[in-house]
Structure formats: C-alpha cells, structure tokens
Amino acid sequence: QVQLVESGGGLVQAGGSLRLSCAASGSIFTMYAMAWYRQAPGKQRELVARISDSSITTYADSVKGRFTISTDDAKNTVYLQMNSLKPENTAVYYCNTDQKARAWSTRSSLWGPGTQVTVSS
C-alpha cells in the first residue's frame, strides 16, 4: 500500500514563505505525476501545481511566479515552495499522486491527509 505523508504547513505572515513536503512510501512501480491541491473553507478543492514524470509542470494562474513544485524522484517526494504568501492562500493543502503499485496494477490516484497553511495579514 502506498501512503503519503505531508509536512511543512503552518502559520506565516503575508509575504512570507513555506515549503511543503510529501513523501510517498510503499510499493511504487511507476509514478506518473505528483501534485498539490488546496481547499479553502466553503470552496471546492483546486489544483495548485502538478509535475509529471517527464518534469512538465502546471500551475494555477494565481500562484504562477510565486510557487514552485519539484520532486526528489529517488525519495518519491514532492515539494511545494511557496513564496510571497497571501491571506487568500490560506487553505488545507493536499498531496496527490498518480501511480501504479506493481507492473500489473491499475493506475490509481492517492490523496494525503492534508496540511493546514494559514497566512495572516
């Protein structure tokens, strides 16, 4: 079973930075993509950033130029460097992976438990 462990959330003042980490453990045959989503109170979960196995990155327009997604493939870990944070970035941030556990497994999507990011004004 693949498990995702997130870390790095917390409280920061506007203009500050945080770095989120998400480590995937367990049997992973192929990691197709890793991503970060977020969900603010009363809002739908939305994609923040995604990186494919060929290192193609996708960002939400609202975070372009401020957030950077990266991976350590050897550790099956994805990072989200968040700079120039704004109060509207306050949300629970979720790690998401798209992977196959074994060669014969079906491709599946997995979610982490989430980590709270709070940006004060």
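Trainee: What share of the contacts with a separation of 6 or more comes from residues 24 or more positions apart?
Mentor: Those residues account for 56% of such contacts in the chain. Contact means heavy atoms within 4.5 Å.

Trainee: What sort of model is this?
Mentor: This is a predicted model: local features need pLDDT of at least 70, side-chain atom pairs count only at pLDDT 80 or more, and totals for chains, interfaces and linings use all residues. Residues are numbered from 1 along each chain as its sequence is written, and side-chain values use heavy atoms, with hydrogens and water left out.

Trainee: OK. How many helices and strands does the chain have?
Mentor: Zero helices and eleven strands. Both are DSSP runs numbered from the N terminus: helices are H or I with at least four residues, strands are E with at least two.

Trainee: Why call the chain as compact as a globular protein of that length?
Mentor: Its radius of gyration is 14 Å, close to the 14 Å that the globule rule gives for 121 residues, so the chain is as compact as a globular protein of that length. The radius is taken over C-alpha atoms, and the rule is 2.2 Å times the number of residues to the power 0.38.

Trainee: What box do the C-alpha atoms fill?
Mentor: Roughly 50 × 25 × 25 Å, along the principal axes.

Trainee: How much of the chain is buried?
Mentor: 39% of the 121 residues. Buried means under 20% relative accessible area, exposed over 50%, partly exposed in between, with a 1.4 Å probe and protein chains only.

Trainee: Let's pick a residue. Is Ala49 buried or exposed?
Mentor: Ala49 is at 0% relative accessibility, so it counts as buried. It lies in strand β5, residues 46–52.

Trainee: And what does Ala49 touch?
Mentor: Skipping residues up to four places away in sequence, Ala49 touches Ala35, Trp36, Thr58, Tyr59, Ile69 and Leu80. The C-alpha atoms of Ala49 and Ile69 are 6.4 Å apart, though the two are 20 residues apart along the chain.

Trainee: New topic. Which residues touch the most other members of the largest nonpolar core?
Mentor: Trp36, Leu80, Met82 and Tyr93, out of 28 residues. A nonpolar core is a set of buried Ala, Val, Leu, Ile, Met, Phe, Trp, Tyr and Cys residues joined through side-chain atoms within 4.5 Å.

Trainee: Which strand gives the most to this core?
Mentor: β3, with four residues.

Trainee: Back to Leu80. What is it in contact with?
Mentor: Leaving aside neighbours within four places in sequence, its contacts include Trp36, Ala49 and Tyr93.
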